[in-house]
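Here are some questions about how the terms used for a protein model are applied. Each answer sets a value against a definition.

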Amino acid sequence: MKIEAPKIPTDLPSRNFHDILYEEDLELEMCQIQQSIFDDEVLNKVLLSKMVLKNCKFINTDFSGMELTDVIFENCDFSNAKLSSSSIHKCQFSNCKLLGVDFTDSRFGNVQFTDSLLNLAAFGSSKLEKIRFQDSPVESADFYDCIFKKVEFKKCTMDGANFERTSLNGVDISTSTFQSLMVSPTDLKGCKVSTYQAIQFSALLGLEIID
């Protein structure tokens with residue numbers, strides 16, 4: 001699956017994330033930000049575009065209604081941040097900590113999560129299209145009542161993830177691992193799984209496999 005990469009100019013000027021507090025429209029674009037700490041803040045409807053953020057911390061920050069377009073996050077910590085009702089398009093999260101992040105009721109398009117921690121993240125009631133989770137744990141993450149279109153979980157640990165009321169038709173989890181998932185048999189139809197996973201899922205159907 002081809003995912004559209006962020007389109008970001010080269011030679012971006014450096015800024016601090018706190019500069020956004022002096023912007024009339026709470027918007028930052030065409031810049032790079034490094035080592036900013038913006039914890040325990042409330043800042044709704046932030047707009048970020050065409051920029052790179054490295055080694056930043058946004059722990060426990062309320063970013064509800066955020067709009068992200070053409071943004072790269074590297075080594076950033078969003079632990080327990082709130083990004084519900086957000087729009088996230090053509091973005092990359094690389095080696096980021098997204099533990100317990102609230103992404104509920106959001107829209108994702110052309111987004112890659114690579115080597116990032118997403119345990120306990122909440123995606124409920126969101127729409128995800130052209131999304132790749134690569135080497136990114138999603139243990140006990142909540143994908144309840146989501147719409148998936150062209151979604152891949154590549155080499156992820158997924159134990160305890162909740163996919164209730166979310167169709168996995170066309171979703172590839174074949175290279176990922178789990179002990180158990182919360183998913184109904186009807187929503188498994190069309191899911192791409194490995195032979196071993198097929199045996200695991202057979203327990204959901206009450207099948208007894210005899211060699």
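Contact means heavy atoms within 4.5 Å. This is a predicted model, in which local features need pLDDT of at least 70 and side-chain atom pairs count only at pLDDT 80 or more, while totals for chains, interfaces and linings use all residues. Residues are numbered from 1 along each chain as its sequence is written, and side-chain values use heavy atoms, with hydrogens and water left out.

Q: Which residues is Phe78 in contact with, leaving aside its neighbours within four places in sequence?
A: Phe78 is in contact with Phe58, Phe63, Phe73, Leu83, Phe93, Lys97, Leu98, Leu99 and Val101.

Q: Which residues have the most contacts inside the largest nonpolar core?
A: They are Phe78, Phe93, Phe133 and Phe153, in a core of 58 residues. A nonpolar core is a set of buried Ala, Val, Leu, Ile, Met, Phe, Trp, Tyr and Cys residues joined through side-chain atoms within 4.5 Å.

Q: Why is Ser49 called buried?
A: Buried means under 20% relative accessible area, exposed over 50%, partly exposed in between (1.4 Å probe, protein chains only). Ser49 has 15% relative accessibility, so Ser49 counts as buried.

Q: What makes the approach of Ser49 to Glu29 a polar contact?
A: A polar contact is a pair of N or O atoms within 3.5 Å; within protein, one must be able to donate a hydrogen and the other to accept it, and residues adjacent in sequence count only if both atoms are side-chain atoms. The side chains of Ser49 and Glu29 meet this at 3.3 Å.

Q: How many bridges join β3 to β4?
A: Seven bridges join them, and the two strands run parallel. Two strands pair if DSSP finds at least two bridges between them; strands (E, at least two residues) and helices (H or I, at least four) are DSSP runs, numbered from the N terminus. Ser49 is found in β3 and stands opposite Thr69 in β4.

Q: Why is the pair of Phe103 and Phe123 called tilted?
A: Rings of Phe, Tyr and Trp (its six-membered ring) pair if their centres lie within 6.5 Å; planes under 30 degrees apart count as stacked, over 60 as edge-to-face and the rest as tilted. The centres of Phe103 and Phe123 are 5.1 Å apart, with 35 degrees between the planes, and the pair is tilted.

Q: What makes Phe153 and Phe163 an edge-to-face pair?
A: Their rings are 6.0 Å centre to centre, with 85 degrees between the planes.
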